[in-house]
Amino acid sequence: TKEDLINTVSLTNYLVTPWRERLQVRSSGMEFFEPTQQRKKINFGIFVHGILSKVRIAGDVVVAIENVFRSGELSGAEIIEVTELIQWVVNYPQLEACFSSLSVCKMEAILFTTDGAERRIDRVATQGNRTWVLDYKTGVATAKDEEQVKDYMKLLKAMGKQEVVGYLAYVHEKRCVEVKI
């Protein structure tokens with residue numbers, strides 16, 4: 001129609017770069033085709049974090065695992081191991097409040113520091129005046145782990161949270177460490 005012609009914008013010129021001049025082959029991407037042990041561990045850690053981010057209360061574990069299985073991300077052989085690890089986290093006595101229906105829970109909670117930097121906490125749970133910070137680790141423990149949780153705890157205290165408790169859950173080791181500031 002005449003209106004369409006009036007509203008049409010035409011390009012008089014545009015830049016084109018031949019794709020052959022920009023094509024690069026990188027040898028560092030070979031682990032995509034043949035994953036290293038380290039890459040497998042990293043992927044598994046991301047996977048476990050993903051499942052735990054879908055678990056609000058302890059009763060959500062079965063549904064979260066079933067959904068991951070149905071989506072094809074988890075094989076039948078892996079179900080037992082993954083379920084056991086996730087169940088260990090949600091049923092660990094000091095962490096039960098983090099997965100309680102009585103708590104207000106935020107998974108993958110994003111906080112901003114005063115300088116605008118972003119911090120992402122695996123799980124924050126609040127019940128009354130008490131706030132729990134939980135960070136999951138699937139790799140080897142490092143000194144930076146505790147500093148990371150302390151940083152989260154300090155941020156929450158600065159936001160007015162009164163009683164802040166921090167925990168590191170080393171999922172593969174089935175070990176939980178309380179962090180104090």
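**Notebook: pocket, cores and strands of a predicted model**

**Entry 1. Largest pocket.** I began with the residues that line the largest pocket, and listed Q38, K40, K41, I42, F44, G45, I46, T138, G139, V140, H172 and E173. The model I am reading is a predicted one. I then looked up the volume of the largest pocket, which comes to about 290 Å³. Sorting its lining by class, I counted five polar, four nonpolar and three charged residues.

**Entry 2. Overall layout.** I next recorded the secondary structure, which consists of six helices and five strands. Reading from the N terminus, I noted the order α-α-α-α-α-β-β-β-α-β-β. The protein has 181 residues, and 33% of them count as buried. I also checked how far apart in sequence the contacting residues lie. Among contacts with a separation of 6 or more, 57% join residues 24 or more positions apart.

**Entry 3. Nonpolar cores.** I asked which residues have the most contacts inside the largest nonpolar core. They are I51, V82, I86, V89, F99, L134 and Y136, in a core of 31 residues. I then traced the elements that each supply at least two residues of this core: helices α3 (37-52), α4 (61-70) and α5 (76-91), and strands β3 (130-137) and β4 (163-170). The largest share is that of α5, with six residues.

I followed I51 further. Apart from neighbours within four places in sequence, I51 is in contact with A64, I65, V68, V82 and I86. I also found a second, separate core, which has 15 residues, V124, L156, L168 and V179 among them.

Entry 4. I asked why β4 can be called largely enclosed by the rest of the structure. The reason is that seven of its eight residues are buried, that is, under 20% relative accessible area.

I then examined the pairing on each side. With β3, strand β4 pairs in the parallel sense, over eight bridges. One bridge I looked up there joins R130 to E163 of β4. With β5 (residues 175-179), strand β4 pairs in the antiparallel sense, over five bridges. Here I found Y167 opposite E178 of β5. The hairpin of β4 and β5 has four residues between the strands, and in this hairpin K174 takes a positive phi near 50°.

**Entry 5. Loop residue Q162.** I located Q162 in the loop between α6 (143-158) and β4. R130 is the residue I had already noted as the bridge partner of E163.

**Entry 6. Loop residue P93.** My last entry concerns P93, which I placed in the loop between α5 and β1 (104-112). P93 has a relative accessibility of 57% and therefore counts as exposed.

Key: Residues are numbered from 1 along each chain as its sequence is written. This is a predicted model: local features need pLDDT of at least 70, side-chain atom pairs count only at pLDDT 80 or more; totals for chains, interfaces and linings use all residues. Side-chain values use heavy atoms; hydrogens and water are left out. A nonpolar core is a set of buried Ala, Val, Leu, Ile, Met, Phe, Trp, Tyr and Cys residues joined through side-chain atoms within 4.5 Å. Buried means under 20% relative accessible area, exposed over 50%, partly exposed in between (1.4 Å probe, protein chains only). Contact means heavy atoms within 4.5 Å. On a 1 Å grid over the protein atoms alone, a cavity is a set of points where a 1.4 Å probe fits but cannot get out, and a pocket is an open set with protein on both sides within 12 Å along at least five of seven lines; lining residues have an atom within 4 Å of a point. Grid points are joined across faces, edges and corners, and a volume is the space filled by probe spheres set on the points. Ala, Val, Leu, Ile, Met, Phe, Trp, Tyr, Cys and Pro count as nonpolar, Asp, Glu, Lys and Arg as charged, and the others, Gly among them, as polar. Two strands pair if DSSP finds at least two bridges between them.
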